[in-house]
Amino acid sequence: MKPILLIDIDDTLLVFRMVPGICHSTSSLATVIRRYAVEERGMPEAESMARMEAVQARIKWWSWSDFLEEFHFEPGPFWEYAREVESHYLIPAEPGLPETLKRLREAGCSLYITSNNPEDGIRHKLRLAGISRPEELFDGFFSATRLRAMKAEVGYWQKVIEAIGAPLEQLCPVGDNPDDDCRIPARAGIRNSFLLRPRNSSQRLPAGCRVAESFRAVEEYLRGAPASGTGKIPCIGDKQLSE
Ligand SMILES: [Mg+2]
C-alpha cells in the first residue's frame, strides 16, 4: 500500500530567511498587499488598513483574492510583485524539493497539500518553494479556507480523511509542527506521520510519528533506502509505510 502524503507548507517546503528589518510571519502577504497599495498605487496608509480590516470583518474564511478584489488589484501584476518581494525572505526549505516530490510520485505515492494557507496562498508559496507546476506533483490542496477548519482542529483532519476516502494506514502527514502535523491528525485516527526538523527534540511524540531532518530523508525512508548524511530517522525498524 503506497503512502498518501499530506504535506504542510510553512517551515516544511518553505522557510523564512532572516533579513534585517523584515517582519517574519506567515501572514506577511497582508503586509505585501498594503505595501503594494501604498507604494505602487499611492493609496493612503489609513485607507489600506481600513480595506484590510473590512475584508477580515466581512469574511471569516477568506482567500487572498478577497483582498485583491477589495483593493481593486489585478491578480497577475500583484502576484508577480508579491513573488519578487517575498522571494527575498521565503526560500525553499531544502535543495531539490521538486525532484524529491517527483520521485515520490513516480514511486506511487499520492501527494496532497494540507495547509492553513488559502488556496491562492498555497500556489504562491509553492512557486517560492521552486514548484511552478503544482498540478504535475499534487493530487489536491486541502486549504483551511476550503475545509472551513484549521489544522489544529481534529475536524480539519476528519474532513481530509473523508475527502480522500482511503484507509487510515495509508495517510501520512509531513510537517514541522508536532501538534498540527502529528498529534491532532493522530487524534483523528491518522497514526503515521513525519515530523521535519523539530525545534525541541526532547518532546514526547505519538507512536507512529517519525522524526526526519529533511524531505529527502523521508523519501529515502519511504523508498526503502537508508537515510544518508545527517538525515537519520529514528524508528527505522517500523517499515509498514513502505510495504
Ligand atoms: Mg508548518
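Reader: Is aspartate 176 buried or exposed?

Author: This is a predicted model, in which local features need pLDDT of at least 70 and side-chain atom pairs count only at pLDDT 80 or more, while totals for chains, interfaces and linings use all residues. Residues are numbered from 1 along each chain as its sequence is written, and side-chain values use heavy atoms, with hydrogens and water left out. Buried stands for under 20% relative accessible area, exposed for over 50% and partly exposed for what lies in between, with a 1.4 Å probe and protein chains only. Aspartate 176 has a relative accessible area of 13%, so this residue is buried.

Reader: Where is aspartate 176 found, and which residues beyond its neighbours within four places in sequence is it in contact with?

Author: Helices (H or I, at least four residues) and strands (E, at least two) are DSSP runs, numbered from the N terminus, and aspartate 176 sits in the loop between β6 (171-175) and α9 (179-187). Contact means heavy atoms within 4.5 Å. Leaving aside neighbours within four places in sequence, the contacts of aspartate 176 are Asp8, Asp10, Asp11, Thr12, Asp181, Leu195, Leu196 and Arg199.

Reader: What share of the residues of the protein chain counts as buried?

Author: The protein chain holds 10 helices and 8 strands. Among its contacts with a separation of 6 or more, 62% join residues 24 or more positions apart. Of the 243 residues of the chain, the share that counts as buried is 48%.

Reader: Which residue forms a salt bridge with arginine 83?

Author: Side chains of opposite charge can pair when their charged atoms come close; a salt bridge is here a side-chain nitrogen of Lys or Arg within 4 Å of a carboxyl oxygen of Asp or Glu. Arginine 83 is partly exposed at 27% relative accessibility, and the partner, with its closest N and O atoms 3.1 Å apart, is glutamate 80.

Reader: How many residues apart in sequence are the parts that arginine 105 and aspartate 139 tie together?

Author: The side chains of arginine 105 and aspartate 139 meet in a salt bridge, at 3.1 Å from N to O. Because arginine 105 belongs to helix α5 (residues 97-106) and aspartate 139 to the loop between α6 (119-128) and β5 (140-143), the pair ties together parts whose distance in sequence is 34 residues.

Reader: Which residues are linked with Glu220 and Arg216 in a network of salt bridges?

Author: Glutamate 220 and arginine 216 meet in a salt bridge of 3.5 Å, N to O, and both lie in helix α10 (residues 215-222), 4 residues apart. Glutamate 220 counts as buried at 10% relative accessibility, whereas arginine 216, at 35%, counts as partly exposed. The network that links these two also takes in Arg103, Glu219 and Arg223.

Reader: How many charged residues are there in the lining of the second largest pocket?

Author: The residues that line the second largest pocket include Arg105, Glu106, Arg133 and Glu136. Nonpolar covers Ala, Val, Leu, Ile, Met, Phe, Trp, Tyr, Cys and Pro, charged covers Asp, Glu, Lys and Arg, and polar covers the others, Gly among them. A pocket is, on a 1 Å grid over the protein atoms alone, an open set of points where a 1.4 Å probe fits, with protein on both sides within 12 Å along at least five of seven lines, and lining residues have an atom within 4 Å of a point. The lining divides into 3 nonpolar and 2 polar residues, and the charged ones number 5.
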